[in-house]
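Look over the model below.

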Amino acid sequence: MRHLPVRMARWSARHAGRAIAGWFAFVVLCLVAGIALGTNEATTKDFWVGEAGRAEATATEGGLERSPTERIMIRARSGELDMAAAGAAAQDVTERMRDLPEVESVAAPVRSKDGEVLLVSVVLNGPELKGKKNVVPLLEQTAAVGADHPHLVVEETGSPAISKGVNDQRDEDLALSERISLPVTVVTLLIVFGSVIMAGVPLLLALSSIAAAIGLSMVASHVMPDAGVGTNLILLIGLAVGVDYTLFYLKREREERARAGGRLGPEALVELAAATAGRAIVISGLAVIVSTATLYLATDVIFSSLATGTILVVAVAVASSLTVLPALLVVIGRRADRLAPRRAARRARRGKPARAGKPETGRMFGALLRPARTRPALTLCLSVLVMLGLTVPALGLKLIDPGKDTFSRDIPAMRVYDRLTESFPELFVTHEVVTRSTPEQAAQVKRALEDLGRRAQADPLFARAPKEAESTKDAQDATSPENPTNPKGPQSPTNPRSPAISEPTVRTSADGRISVLELSVPHPAPSSEAIESLTRLRQDHIPATVGRLSGVETAVSGDVARGRDYVSHESDKLPLVLGFLLLMTFLMTVWAFRSVVLGVIGVVLNLLSAGASLGLLVLVFQGTWAEGLLAFDSLGAIASRVPLFLVVILFGLSMDYQVFVVSRIQEARQNGMSAREAVLEGINRSAKVVTSAAIVMVTVFGAFVALHLTEMKQMGFCLAVAVLLDAVVIRLMVLPSVLLLLGERAWWPARRPGRTVRAQEPAAAGSPAEVG
């Protein structure tokens, strides 16, 4: 691996045209292959975890699975609801929906307890996850009915409509984040390089890497289904690491150019950069890939999708830095060499002196490095205490699986959902009790489930108010078979497509083996009442009824059960993932630098960085004080996927800076400097480029704080804060302080190397001496 970056750079430099054409042909090939194969999207069963997953698998086996359902609400635009007009609108809705191929069935209208809303429930064809695609014609018909009945408000909501609204909002948010991050990235690169061409190279390679990774992810989805989040992460990580890797390489090539003073050609300069920055990029990329791969241990389709997207885009970004980037630098270098005499002549005619090289470390970086250089022990203690203090709030971390109740109210379907649950609170949450038994036990199981339903209705957490029950009965009388608004006739109590508002009923599969009981809870899913109702159902009501039957398997699913079981599943997997993550980080560092001490330091520093960022995440998002500042509604907890994902990604990204900084220190040490001189030299030479790379990453991640989805806000905030802390506090204060205090002991058990002689002139083959 040590010589691979140099060999690849040498070939690309000598065959620049073919390397550039080959890269863009590769990008096009990836996109064409991805488009040709399409994306294999994850199905409902791919999301099953825990007891809720077992319940849904059992229900699906018996043909009693949950189907996507939409709710059409009809209410007066002002004043009281005219039931005749509402009935006519309901009939119009029913006829229109019944004619759609996407619709499986339409339930009879149901009136709210206050008599102000008429509700029509529509069940869509196909599995639950397809609902967001199939719902578009329903929304169009609902809008048409509203236009035909201008004195009424006809509006639609439901999980399919909400999912579509969330996806549309996410697409708009991603476009917004790109509009924010791209200009800032361009400005940062212009400041770093002072050249439009050089600033354009990192963006070009990052965007082409993203395009290739998106195509490859579509191909990979046929091996590992895509959960719908991989592309978002490819855009997020791809822009960050793509620019970073190219930035590291470009800065090193420019350093070598300035040092050579015109004595080396573009090809030799590229090889020198490949021997140092190229090797660091390979190690950094491998570190991110290995770290991210630990997400597969979570055995969760969402984390697997995130891992696949990250691994692909990082691998492609590394490949672009090793192949097409050297070729581009040679082309740009040859052009610069041709123009150099003319520029020098123009400057001479104007009487301007030749440009002096800029110092590697400016005043700001010098000020940041001064404490570690002059008082390393004090700087280390204070910096670590600050990081530990920021970590303290993480001890109060609470996890929640964000459901539809937590989505932004900027989504129209969510505003309708709020009005729906206000009129029909029993539609907040449904628990599904699923049993499996022998056909001979079917009657006994049914009686036990009916007993369970009666016990639940007597429980205050499940019970509906008396007025509500009376209004439901009145609504059912008003929508009897004689009522013309019910073209499908009466709803059978054992029909699985019965109205959503009904007494608890038992549905049984055709073979009598599987039964399902649905219980409504008039509380939102994230509420303590809804969570307590699930606990009471599993621990008290089921053991007292169907749980007494021998040979009967029982499991509970539903909105609350899905979320609670998912959080429990992730919590169980966290120690395993974190353990492997720490081990892989340690082994990668030891392998890269042949130092056990540096391996330990890397693990500890990454833990400090991740802990402090999670602490700040809890401090900001788990409370309410920052709601107005960052435009979000606090969940009172952190989205359950955020901590595990962030720890893994942060460990990988932290390794970027770790490898780049320590590589510069190692190089200085190999060139004969003392341990102290090597640390100061390496930090000085890497400070500016590390900080510039951090600015790009912070901008990309920070743009996600402007998004609507709270979960995405949390991810963007935590990643941005972690990168900032890592680049400034860890790499400019803690790391140099530790290395200065340890001296040569930091490299144990590696021996001090002999001095490496640098090539001053290009060899016949154009290859410099290997460095680092």
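Contact here means heavy atoms within 4.5 Å. The model is predicted.

Q: Which residues does D226 touch, not counting residues up to four places away in sequence?
A: D226 sits in the loop between α8 (196-220) and α9 (230-260). Its contacts, with residues up to four places away in sequence left out, are T39, N40, E41, A42, S221 and S305.

Q: How far from D226 is the nearest side chain of opposite charge?
A: D226 is buried yet has no salt bridge. Its side chain does make a polar contact of 2.9 Å with the side chain of S305. The nearest side chain of opposite charge is K132, at 8.8 Å.

Q: Is S692 buried or exposed?
A: S692 belongs to helix α23 (residues 675-702). Buried means under 20% relative accessible area. S692 has 8% relative accessibility, so it counts as buried.

Q: What distance separates the C-alpha atoms of S692 and I191?
A: Neighbours within four places in sequence aside, S692 is in contact with T188, V192 and L247. I191 is 501 residues from S692 along the chain. Their C-alpha atoms are separated by 9.2 Å.

Q: Are the planes of F248 and F660 stacked or edge-to-face?
A: F248 is in helix α9 and F660 in helix α22 (residues 641-670), 412 residues apart. Both F248 and F660 are buried. Planes under 30 degrees apart count as stacked. The ring centres of F248 and F660 lie 4.2 Å apart with planes at 15°, so the pair is stacked.

Definitions and conventions. Residues numbered from 1 in each chain as written. Predicted model: local features only at pLDDT ≥ 70, side-chain atom pairs only at ≥ 80, totals over all residues. Heavy atoms only, no water. Helix = DSSP H or I, 4+ residues; strand = E, 2+ residues; numbered from the N terminus. Buried < 20%, exposed > 50% of the residue type's maximum accessible area, 1.4 Å probe, protein only. Lys, Arg positive; Asp, Glu negative; His and termini not counted. Salt bridge = Lys/Arg side-chain N within 4 Å of Asp/Glu carboxyl O. Polar contact = N/O pair within 3.5 Å; in protein donor to acceptor, adjacent residues only side chain to side chain. Phe/Tyr/Trp six-rings, centres within 6.5 Å; stacked < 30°, edge-to-face > 60°.
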